[in-house]
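Biologist: I would like to learn how to read salt bridges in a model of this kind. Could we go through them pair by pair?

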Amino acid sequence: MRLADLIGARVTDPSGREVGHVSDVRLVEETGPGSTPGTRLRVDGLVVAVRRRGRLLAYDHRPVEGPWPLAWLARRAIRRARWAPWDCVAVHQPPAVIGERGSVRLSRTIDELVPLVRAHADWNR
């Protein structure tokens, strides 16, 4: 699997209804098995942007702290974005042709997913 197959992929709920697209992928660094030096990256989950238009402008990467107008705009940009842990991804279908969008079917509805702002708080504990 390539990250490019996930970014921008159509996201559907268990019934097949389109609920958004993958805006970002969160990777977690793990140590290799046994005595193998180095680390590997594991997909922890997906940021699902539920708006059809616009981008989250990298505000989905981490909470913005700074001047209040910028922080307010960042919170507003991600207010409807959801966090989909990798274990709630039922099916990932890569695109048939490179450059097209793939698709991801979730095992949960969009309303059952944690809002991204809450996920940010959990990551920073």
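Modeller: Let us begin with one pair, keeping in mind that this is a predicted model. E30 and R42 form a salt bridge in which the closest N and O atoms are 2.5 Å apart, and since the criterion is a side-chain nitrogen of Lys or Arg within 4 Å of a carboxyl oxygen of Asp or Glu, the pair qualifies.

Biologist: Which parts of the chain does the pair of E30 and R42 tie together?

Modeller: E30 belongs to strand β2 and R42 to strand β3 (residues 39-49), so the contact ties together parts that are twelve residues apart in sequence.

Biologist: With which other residue does R42 form a salt bridge?

Modeller: R42 also pairs with D44, with 3.7 Å between the closest N and O atoms, and D44 is partly exposed at a relative accessible area of 21%. Through shared partners, salt bridges join R26, E30, R40, R42 and D44 into one network.

Biologist: How many salt bridges are there by this rule?

Modeller: The count comes to nine. Among the pairs is that of R101 and E18, whose side chains meet at 3.8 Å, N to O; this pair links distant parts of the chain, 83 residues apart, with R101 in the loop between β5 (89-93) and β6 (103-106) and E18 in strand β2 (residues 18-31). R101 is partly exposed at 47% relative accessibility, as is E18 at 31%.

Definitions and conventions:
Residues numbered from 1 in each chain as written. Predicted model: local features only at pLDDT ≥ 70, side-chain atom pairs only at ≥ 80, totals over all residues. Heavy atoms only, no water. Helix = DSSP H or I, 4+ residues; strand = E, 2+ residues; numbered from the N terminus. Buried < 20%, exposed > 50% of the residue type's maximum accessible area, 1.4 Å probe, protein only.
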